[in-house]
Amino acid sequence: MMWHRAIRACVVAVAYFASGADAITYTPLKPPSYPLAVRSPYLSAWIPGNDVASLSSHNAQFWDGNKLIWSVIARVDDVAYNLFGVAFPPNGTQSAIVTQATYTSSHTTFTVTAGSRDFTLDFFSPVSPKNHLRQSLPFSYLTVTLAAGDPRSVQIYSDIDASWTGQPGHASWNFSTSGSTSVFEIEAVDTATFSENDHGQALWGSAVYASRPSNSSLLSTASGPSLSTRESFIHGGNLNNQHAEWSSTGVVAFAHDLGTTADVSAVTFAIGHVRKESIDFLGQTQTGYYRAMYPETVDAVSYFLDDYEGANAESVQFDQLIQDTGAYSYGSNDYSDILALSVRQVYGGIEMTIPNDSLDTGKARAFIKEISSDGNINTVDVIYATFPIFYVLSPEFIKLLLTPVFDYMGSSAYTKSYAVHELGANYPNATGHPSDGEEMPIEESGNMVLLTYAYQIATGNTDLADTYSAQLKQYADYLFENGLYPSSQLSLNDALGELANQTNLAVKAAVGLATYGALSGQSNYTTAGKDFAKQIWTDRLGTDANGTHFLIQYGTDPWFLMYNHYADLLFNLDLFPQDVYDATAQFYPTVRQQAGVPLDGAIGWGQTNWQSFVAATVGGPTRKMLIGDLRDYMANGLNSAPFSDRYWVQDGDGFVAGQEFVFRARPTLGSHFALAALAGADILFQE
């Protein structure tokens, strides 16, 4: 059912009552899906918010919704309690009771009661935009903490299986140690490098699970059939340190014996997915940035566990920064809730690489996957939709993502006069734009100029513009020659199809020209951009006769959600007059549907990306409406996918307002930082 918007205090707790269970406190709200281990397109584990009440028996899911086996069981005074992910509870076990669920920008934490003791499960995926080593490590933490209480004998168990490899029916595994660290690696066999299964999981590389004894625990390990391995722990509290060959029902497992204790005790696991050959960039194999320092997987995951205290300390600062940024930008924690849920999804769609042959960090690049929509790699309009988060937190990522695009367009393999749409149809194959691939001439040409200037403004560095000055001029000239009356072509919203004279594309051309003028210091381009803007708005080329709203095409209904003038405000271009923003602020509330403003007047769905861009260009009640709609969509309880950026804003045939529509887990949620970006660039850990 639909929920009505509630008045929000500083911290909101939503109570959900499971049958026979106590209320769960959800802080700050219950999202569609909680990020568990989200570090790359291939390490992307989630659990739907509506599954949390039965956390003990619900499995984690890959971003596409397929199950990932990852379990946690605890023994308290010889009684076994299933804490997480045990879909078929062994005989004699009980289910822990969930009491709290919390998310921040880097942590998801569940508190559960097992008999007389409480445990927390802290799923921690570091987000460290300025620390390239820490950010590039393809691992995530799970820390299970025993709260203080009456003295009890306590043991903690966890396992995973081959579902993490993308080919659960055919795998192999091995066990190794490095100092006190024990490491399992599970690998799909007889599969091709740079290939995926139908769910988008990598079919090459290895799933990794590691742990080490804490100050208060004794560690034992095992691999073998899941039932017998779990029962061995349930009955004895430890494992036999025997490592059987892989079987179709097999798991790799750790057990920590905390002894009899009344104190707080914690054990940590590291989970990951490693591919030494990570990206095919024009035939040059790329590998993870971290491999320059830790080329072997065992050493890398051992370092990752060593780094826990430092990473966690940084995350405390980072989480507070996101909270403060949202509250400062908007004046309410509602916006902070949106930003916090968006962060891991954005950075979890990106990989930072270096050449596999040289391991030269001076040649670092970044690659972004167009998750769930079509799997393209380094799609320029996806980078554009995402860039506000980079502008605020890590502008260097704009350069890392654009450099391989510029390099490809500067090669003999690309001969067109406008900017390319993407580097390849299927991640991780950045092998060039396919002959039958999508073309967005004005969209992408404008985006390349805008993104380059965003990097320059945020960093003060001109290296990107200097290196690729000839290409940037070429794209600006293309905008000048073709942008005011766009031919029939796709825009960023390719679901609308090819249309001629798209107002939003003409606005992109106008803003792109003025931006290039600022970037290059050539005022004639600025003048051209202002002339475009005058014709589109003042002369009513792209609006209704009274100038109350923009049209999707010149002289043609319906109206369109105008977001492409966002850069006009971000870069202080003074391109469009204030009455543009005043008019749109007055108009959008009049066309709002049950759950939000649609993308245009002819469809029943909206996109959080462009609602967020528009929220940054308007003020007052309209901004409040747009931010409120987005937060309500997050919290309405109708959805289970990792934060979809497209949703139904009105009831229709087979769906209701507030339901997600098609997309899931896309990194384009960086657009949610559009309002925060207006407050300033590159604010990470700055006063």
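The unreviewed UniProt entry lists residues 332–675 as "domain: Glutaminase A central". The model described here is predicted.

**Annotated spans**

- Residues 106–324 are 20% helix and 42% strand, with end C-alpha atoms 15 Å apart.

**Helix pair H6 and H7**

- Helix H6 covers residues 380–393 and helix H7 covers residues 396–409.
- Their axes come within 9 Å and cross at roughly 160°.
- Angles over 145 degrees count as roughly antiparallel, and H6 and H7 are therefore roughly antiparallel to each other.
- The crossing of H6 and H7 is left-handed.
- On the H6 side, the contact is made by Val380, Ile383, Phe390 and Tyr391; H7 contributes Phe397, Ile398, Leu401, Leu402 and Val405.
- By class, the residues of this contact are nine nonpolar, no polar and no charged.

**Open five-strand sheet**

- Five strands form an open sheet in the order S24-S23-S22-S21-S25, and the pairing is mixed.
- Strand S24 (365–368) and strand S25 (429–430) stand at the edges. Each has a single partner strand, so one side of each is left without a neighbour in the sheet.
- Strand S23 (residues 350–355) runs antiparallel to S24, and four bridges join the two.
- Within this pairing, threonine 353 has arginine 365 of S24 as its bridge partner.
- Helix H7 lies across strand S21 (279–281), S23 and S24, and H7 runs at about 85° to S24.

- Strand S26 (residues 551–553) and strand S27 (residues 556–559) run antiparallel and are joined by two bridges.
- Leucine 551 has tryptophan 559 of S27 as its bridge partner.
- S26 and S27 form a hairpin with two residues between them.
- Glycine 555, in the turn, has a positive phi of about 70°.

Note on methods. Residues are numbered from 1 along each chain as its sequence is written. This is a predicted model: local features need pLDDT of at least 70, side-chain atom pairs count only at pLDDT 80 or more; totals for chains, interfaces and linings use all residues. Side-chain values use heavy atoms; hydrogens and water are left out. UniProt positions are given in the numbering used here, feature names are shortened, and annotations may be inferred rather than shown by experiment. Axes are lines fitted to C-alpha atoms, for helices over the stretch in contact, and angles run from 0 to 180 degrees between N-to-C directions. Angles under 35 degrees count as roughly parallel, over 145 as roughly antiparallel, 65 to 115 as roughly perpendicular and the rest as oblique. A crossing is left-handed if the near helix is turned anticlockwise from the far one by less than a right angle, and right-handed if clockwise. Contact means heavy atoms within 4.5 Å. Ala, Val, Leu, Ile, Met, Phe, Trp, Tyr, Cys and Pro count as nonpolar, Asp, Glu, Lys and Arg as charged, and the others, Gly among them, as polar. Two strands pair if DSSP finds at least two bridges between them.
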